[in-house]
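Subject: Structure handover

Dear colleague,

The structure is below for your files. My notes on it follow.

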Amino acid sequence: MPSAQDILFKTLADPTRRAIFERLCRKGEQTVGALTAQAGISQPAVSKHLAVLKQAGLVRDRHEGRLTHYSAQLGALAPLIDWTSQMAGFWERRFDQLEDLLRRMDQ
């Protein structure tokens with residue numbers, strides 16, 4: 001079973017999906033029509049990308065009459081934020097160790 005991180009990385013690896021998600025983050029809730037007008041791909045393709053984003057928990061939909069509005073769910077990024085924090089700590093320690101080694105070599 002894939003981890004939450006794996007699902008998020010796989011979902012956001014697609015540049016079109018990532019662009020749709022970023023647009024929702026920056027501009028707030030939008031309809032499929034508004035997203036399609038900006039995406040440069042067909043409405044069915046945008047809908048498929050939105051379905052994958054929704055399945056990963058990255059977007060939420062809200063129905064209003066015949067329109068469906070989508071919004072980004074920023075909390076869903078928590079596993080990626082945790083992972084990047086861990087990786088940042090790992091590399092900071094490595095660079096500190098390298099700096100110590102170089103300092104000892106200069107002596």
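P15 lies in helix α2; helices (H or I, at least four residues) and strands (E, at least two) are DSSP runs, numbered from the N terminus. P15 is exposed, at a relative accessible area of 53%, where exposed means over 50%, buried under 20% and partly exposed in between (1.4 Å probe, protein chains only). Its C-alpha atom is 16 Å from that of K54, 39 residues away along the chain.

This is a predicted model: local features need pLDDT of at least 70, side-chain atom pairs count only at pLDDT 80 or more, and totals for chains, interfaces and linings use all residues. Residues are numbered from 1 along each chain as its sequence is written, and side-chain values use heavy atoms, with hydrogens and water left out.

R62 is in strand β2 (residues 59-64) and counts as partly exposed because its relative accessibility is 32%. Apart from residues up to four places away in sequence, R62 touches E29, L67, T68 and H69, contact being heavy atoms within 4.5 Å. The side chains of R62 and E29 are also joined by a polar contact of 2.5 Å (a pair of N or O atoms within 3.5 Å; within protein, one must be able to donate a hydrogen and the other to accept it, and residues adjacent in sequence count only if both atoms are side-chain atoms).

Leaving aside neighbours within four places in sequence, L58 is in contact with L8, T11, L12, F21, L53, S71, A72, Q73, A76 and L77.

Regards
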